[in-house]
Amino acid sequence: MKIRLYNTLGRELQAFEPLEAGIARMYACGPTVYNYAHIGNLRTYVFEDLLRRTFLYFGYKVEHVMNVTDVGHLTDDGDEGEDKMIKSAREQGKSVWDIADFFAEAFFRDLDKLNVEMPEVVCKATDHIADMINLIGRLEERGYTYLAGGNLYFDVGKFQRYGELALLDRAKLQAGARVEVDENKRNPQDFVLWFTKSKFDQQAMLWDSPWGRGYPGWHIECSAMSMRYLGDQFDIHLGGVDHIPVHHTNEIAQSEAATGKPWVRYWVHGEFLVMTGGKMSKSAGGFITLESLEQMGYHPLDYRYFCLGGHYRTQLQFTEDSLNAAQTARRNLLDRIERLRAEAARNGATTSGETASDDLGDGAQAHLRAFETAVAEDLNIPKALAELWQSMKDDSVTAQERLWLAMRMDRILAIGITAAVEGPSEADAPDDDAAEIEHLITERNEARNSRNFARADEIRSYLKEKGVLLEDGPEGTHWKRG
RNA sequence: GGCGCCGUACCCAAGUGGUAAGGGGGAGGUCUGCAAAACCUUUAUUCACCGGUUCGAAUCCGGUCGGCGCCUCCA
């Protein structure tokens, strides 16, 4: 099936045509590891994971590269004098290197909890300084750079198509709208490739270079590392929408200036998670981590499910109510899976193993096709999720087929369905108190049979206090942990 | 000031020319000693507002109002 994606470059839906048949090569801008990722950051990585899984689902080989920015950069709003990494290191009494390792580890732990698969390559900026110096050298040879005030700049005036991605009209850009203009720049949009004169003193990470001892500008790392692992030209570049006007615009300029060739074919950007009053950010006070959601009683996959509810290109409203809705929905879905599993078992069907989709009935086929069509059309995951629900509720499809469909769809959605189907069922789950609970249930049912409801209710409330819920059904009494 | 996005039920949110997906929540019902679960039914004649194009518009065009993002090394 043809996958269509919205290309920021050109602002239109385009059929994905890889440079090399059957392979999707993509680069994703990763985190700057000076703090924990907040759930807004994580939304973007969930989106990238959905795209990755979509390619895999449709049979592509994926070469996915993500960088980790572990070189310090400026602190946030209004603070022009300090480096994020240095600030964080000082506050925590650690070296910048330790800070980077610590938060990178935390970041990937979060991704793992969210069922975000690891890219084929995760590369740290500090391991690729030589690649950056090399690339800057190519730019210098081609005359795109100038030295001023000790720093080496990229001259956007030499790159005619500057700003094409962001639809920037250089003549109309208001320089210094929010930040002081760097007097050394020839054009306001010029950016530093290599610093030797830091705006701040305590820069701990320094490397020798042809332009002096210093450290690289931010944008160059993505160009250098992506080209190192994916070649001078590759298929897709991913990131958050905030990167369109500056970071990605500059990446394109320096990459294409260095090679003289078109660089990336498809630019795909994820929109922000927003809270009441605006986007999530430290200054606004709404810094929520995955861990804090866990402490509030949510499963990480509840958050993933929540993310699937909105299209990647639209802002998603985060509220506790909507996260609750996602949590309940996911529980209901997994409960339904559990019942389908029991039904399939009663029918003597096996739930594991592959069923060729050719063997599916027409109804199941139609559901699968609807799901795949939604996913392939610019990753319409909300629609795909709706198709999942409809297929689960379709009684004309056998329980076994529905389980198979759910697992199949979970290859992309990754919301815990496969684990629910293939893992131990609730009944198999070991429980230290199981014997006592079973015993009490037996006693209660004897009491019910002799119409001693007072005793029966006593047992119900006793177990409820211990967190055990009883459900009387036609086939006996089931219990579960509440 | 420039660039871009968005406004769909109580909430989240698909749908972008053919007569409103899905989830959560609410309401009613079946079942049940009770309770829960499950199941069934129901919940926008209408898509911020005003014009226009069209046989037909939530979808296209123009305007108004409102929200948001970016223009800084925020995902």
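Let me start with Arg11, which sits in the loop that runs between β1 (4-7) and β2 (12-15), and please keep in mind throughout that what we are looking at is a predicted model. Most residues other than glycine have a negative phi. Arg11, although it is not a glycine, has a positive phi of about 50°, and because its relative accessibility is 33%, Arg11 counts as partly exposed.

Is Ala414 buried or exposed? Ala414 is buried, since its relative accessible area is 3%, and the cut-off for buried is under 20%.

Two packed helices are described by the angle between their axes and the distance between the axes. For α11, residues 381-392, and α12, the axes come within 10 Å and cross at roughly 165°, so α11 is roughly antiparallel to α12, given that angles over 145 degrees are counted that way. The crossing in which α11 passes α12 is left-handed.

Which residues meet there? From α11 we have Ile381, Leu385, Leu388, Ser391 and Met392, and on the α12 side they meet Arg402, Leu405, Ala406, Met409, Ile412 and Leu413.

Notes: Residues are numbered from 1 along each chain as its sequence is written. Chains are lettered from A and ligands numbered from 1 in the order in which they are written. This is a predicted model: local features need pLDDT of at least 70, side-chain atom pairs count only at pLDDT 80 or more; totals for chains, interfaces and linings use all residues. Side-chain values use heavy atoms; hydrogens and water are left out. Helices (H or I, at least four residues) and strands (E, at least two) are DSSP runs, numbered from the N terminus. Buried means under 20% relative accessible area, exposed over 50%, partly exposed in between (1.4 Å probe, protein chains only). Axes are lines fitted to C-alpha atoms, for helices over the stretch in contact, and angles run from 0 to 180 degrees between N-to-C directions. Angles under 35 degrees count as roughly parallel, over 145 as roughly antiparallel, 65 to 115 as roughly perpendicular and the rest as oblique. A crossing is left-handed if the near helix is turned anticlockwise from the far one by less than a right angle, and right-handed if clockwise. Contact means heavy atoms within 4.5 Å.
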